[in-house]
Amino acid sequence: MKKQFFIANWKSHKTADEATQWFVEAAADIHLTKDSEREVVICPPFPLLSLCAEEVKKQQIPFAIGAQDVSSFSEGAYTGEVSGRLIKDFATYVIIGHSERRRYFHETDEMLFEKVKQAHAYGLQVVYCVDSKEGKIPEGVNIVAYEPVAAIGTGHPDDPSDAEAVAGFLKAQNGVSYVLYGGSVTAEDIANYTQLPSIDGVLVGGASLAPKDFISLIQHA
Ligand code: PGA
């Protein structure tokens, strides 16, 4: 079986209590057999990274932790920034270039390329987001998430055959090992994507906020 990624992007949701509750409920609901080909990654907001890293250990849930962003600067006098050096104590992955970062925070390809360098300097695995097959992918990136903007948070996922074509193109052009699909994925439609040959998993926003939904989605892949 091919390796599959299930990445939960909590965006700017959840207090500490809500996050703790998520893991308690996930632990009670989880009926996943251990599978080395399945990589599940929870990406909470920065203030919850430490708590989530503790909770997966405490609840013995085989999930990894990721950050939703990383500073394009190294450690230093950069007020409000979170550098890779600070993230790496708690997380193994980082999402870079999400369309919401590009749109609301005006992140450019240049800035994002610097972020990738920082992530790599601190040994973080990058999940790099693009919204089309034209998306520029920085060197050394091995996991790409294809997320068409019109599909994010709208309840209108991309056509699976389109997602498959883009994923195949991105692999052929850039030599990346894994391409994930993201945009309104649910338990009902996940198999339409994960069963396609070029798609290696999903990046999930809304359907990752309730543990029941997210675990059900993994089970339906
Ligand atoms: P969505 O978000 O699943 O809520 O559409 C996906 C994403 O933005 O990564």
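How far from an oxygen atom of the ligand does a polar side-chain atom of E147 lie? The separation is 2.8 Å, a polar contact (a pair of N or O atoms within 3.5 Å). The model is predicted, with local features requiring pLDDT of at least 70 and side-chain atom pairs pLDDT 80 or more, while totals for chains, interfaces and linings use all residues. Residues are numbered from 1 along each chain, and side-chain values use heavy atoms, without hydrogens and water.

**Ligand surroundings**
- Around the ligand stand 13 residues (a heavy atom within 4 Å), of which K11, H98, E147, G153 and S184 come nearest.
- A backbone N or O atom of G153 is 2.6 Å from a ligand oxygen atom.
- A polar backbone atom of S184 lies 2.7 Å from an oxygen atom of the ligand.
- The protein covers 95% of the 280 Å² of accessible area that the ligand has on its own (Shrake-Rupley method, 1.4 Å probe).

**Nonpolar cores**
- The largest nonpolar core holds 54 residues, which are buried (under 20% relative accessible area, 1.4 Å probe, protein chains only) and joined through side-chain atoms within 4.5 Å.
- I42, I96, F214 and L217 touch the most other members.

Terms used
Buried means under 20% relative accessible area, exposed over 50%, partly exposed in between (1.4 Å probe, protein chains only). A polar contact is a pair of N or O atoms within 3.5 Å; within protein, one must be able to donate a hydrogen and the other to accept it, and residues adjacent in sequence count only if both atoms are side-chain atoms.
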